[in-house]
Amino acid sequence: MPSGNKGKHRSGGSLSLKTSNKMVRKQLYVKQKKEQGKERHEERHRRRKEEAKDPKLREERLANNQPMTIERKRVWDEVDDDSLGVAVDVAELKRRRLEKEEAEAARLADGAPEEDEEKDDDADSMLDSDEENADDDGDAEERMERLRQERAQRKPSIAPSTTSTNLDMTPDSLTRQFPNLFNEEPPVDPKVLVTTHLNGTIHKEAEDIAAIFPNSTYIRRSAHAYGHKYSVREIAKFAKNRGYTILMIIGEDLKKPSSLTVIHLNGEDVPPGPSLTYTIRNYLPGKALLGHGNPTNHYPELLLNGFKTPLGILAAKSMHTMFPPRPELQGRQVVTLHNQRDYIFFRRHRYVFREARATEKNVVTAEGKEMEGMQGIRAGLQEIGPRFTLKLRRVDKGIGRAGSEGEDALKWEWKAKMEKVRTRFNL
Amino acid sequence: MSDEIVWQIINQQFCAFKLKTTKGNNFCRNEYNVSGFCNRQSCPLANSRYATVRTSPKGTIYLYIKTIERAHMPSKWWEKIKLSQNYAEALQQIEDRLQYFPKFLLHKCKQRLTRLVQVATRMRKLAAEEDRLGEKLVPKMAPKVKHREEARERKALIAAKLERTIERELLERLRQGMYGDQPLNCSETVWKKVLQGLEKEGEGTRDKDMDEGIEDEDEEDEEEEELEEEIEDGNVEYVSDFEETDDELNDIEDWLGSDDEDDAEDDDDEDDDDDDEGDSEEDTKKKAKAGDKRKRGKVTKMKARKKKEIEVEHETDREKLLAF
């Protein structure tokens, strides 16, 4: 009956849902989908054509539509303080202070011409746009305004800032607190002693970790179940006497390395310096990596990326001292410690500089532009050896929690409440 | 007499402290029980004359004595006597106090004292060992925190783009010349390409050479000579002026050299302008190298190379160079 069919038509729905005939419904659905996407598709097609003719348009479009990442939204502590535990961008802080000083100087000089301050192209990638310049007046203010406007116009980068940490940027308070770590001139060749926690069973992994650092030895913790168990403080004393510079203790959980404590044994006359405790996650030995390579004895190059705050600089410097200062470039090995959102990724690679294959693009800088002068050159990487993630948990003044004395025995500790704000990072 | 009645009730009817086991033992849960069993002799409720040894929460050991005289005052039943820390003295104290008590109680109290003292000693030893070792087991992370961190780590890894970053950083270093002007980690062809690329971008200039074949040979020779000269000269500063070094101007190539002189001077100017770093060291080095070149009077690509912002790498220098 004709009325029967009409009864099945529901009001308020599209034809592609209402039609009872499956084949017709299918076709209608396809048609509907096409129409929905038609506008967008045409727009994109048109844009593609235009950009093929004029690549600048594409650049502009990309520059205007940068994805909002957590790195861009990063929140800094609004204080003029550079102690440990304050999330302040050290470079920014320095620049702000310089600015203040310049403003002061300008005020004093009373209108003397002021040079443009050096614009570090790399450092502005993590801009926080509010600059605090409380003591402005007169010409200085105008100049500041101008500078501020210029800076505000610079667009933040697409990719995370990858430039190596400039360890010269350490704030003074840090150098004062840890003189042994920061004033090592000339840089000492490190000698690393690796061991585990009491009753440790991860000997293989610990040996692998020891092999990461040239000039290192791994020693088992307890030789015998009933033997005298040396405490960490005692081991540190012995190691110091024998000329070791770093003592590393690997903790384990369920047969996997779970924590790493780095204790800096300083030279003569100086008590053992800061100990940094990290937790290890996602430990993968070389064998587990597809297509892995084998390490050689050459001293690797070191890459420390993304350490911005005073705490970050401390960690970076600490890791810097774990490796020999002069890398053997002919070994073509690189160790990367990349900090991203407080997680330090450790990787080891063998690299080679080679010409780009036909299908490969050119390398792009952090800002998104192609690297000048490096057309057609790429670096091939082969991963070696273990990879893991570290997260800094505490910084003690002496040897671990038990071996530190004084009011500031515990320099910094990770607390879960620090992670409340998703965009605030400590390193 | 009343003790008997109490015992009858406890034994036959009900005692709140009694604990029966399947093996047929009766235990007494009363804190003042000296042996721990539910016996006629050991029951603190059914004996109006009784003695025990107990520790306080802080660790001091006390002797508790119950006498018939106070049987009607339950709140004052137990007389608490602090025993000496010295084990032998404490034993003597017990003997004195329980002189006229049944031998059973005396014996049991002494046994209890011994055991408590041993336990206390052992605990102290363990605590000291823990203290010496200084290693504490860190409590496991709350699962909520663990999951949160796991998720964040995963996302951070993606955001980090590690391989790209590493590649970019390495190439950046190569470009900025941190590996020296004859990098050990780079093959000749690639290095040449890099230099060419840099020239194109205007960060270095070089001379036009028409005849590449011969130049190559010269280059190689020159490289060797260069190296030798560098080692010999060290950090001697040369003023870079072509006219000064007229000694070896006998080659045909020197004619080409005159072109380069202009280029060289231009380059120097450019360099001075371009030199953002303002490293005087660098300048003198450059000039020194340039000077070396001119002295020898040969002119090819190598010269051009020198004028670029390339430094011999020392680790400390590199750090200073690295931009933040």
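Surface patches are made of residues with over 30% relative accessible area and no salt bridge, like charges being joined within 9 Å and nonpolar side chains (Val, Leu, Ile, Met, Phe, Trp, Tyr) within 5 Å. The model is predicted: local features need pLDDT of at least 70, side-chain atom pairs count only at pLDDT 80 or more, and totals for chains, interfaces and linings use all residues. Residues are numbered from 1 along each chain as its sequence is written, chains are lettered from A, and side-chain values use heavy atoms, without hydrogens and water.

**View 1. A nonpolar surface patch of chain B.** B:Met1, B:Ile5 and B:Ile9 make a nonpolar patch of about 340 Å² (Shrake-Rupley method, 1.4 Å probe, with only the protein chains shown counting as cover for residues). B:Ile9 belongs to helix α1, residues 2-13 of chain B (helices are DSSP runs of H or I with at least four residues, strands runs of E with at least two, numbered from the N terminus). With a relative accessibility of 39%, B:Ile9 is partly exposed (buried means under 20% relative accessible area, exposed over 50%, partly exposed in between; 1.4 Å probe, protein chains only).

**View 2. A positive surface patch.** This patch is formed by A:Arg58 and A:Lys361 together with B:Lys161 and B:Arg164 (a salt bridge is a side-chain nitrogen of Lys or Arg within 4 Å of a carboxyl oxygen of Asp or Glu; Lys and Arg count as positive, with the charge placed at NZ of Lys and CZ of Arg). A:Lys361 sits in the chain A loop between β8 (343-355) and β9 (377-383), and is exposed at 67% relative accessible area.

**View 3. Chain A.** Eleven helices and eleven strands form the secondary structure of chain A. Of its 427 residues, 46% are buried.
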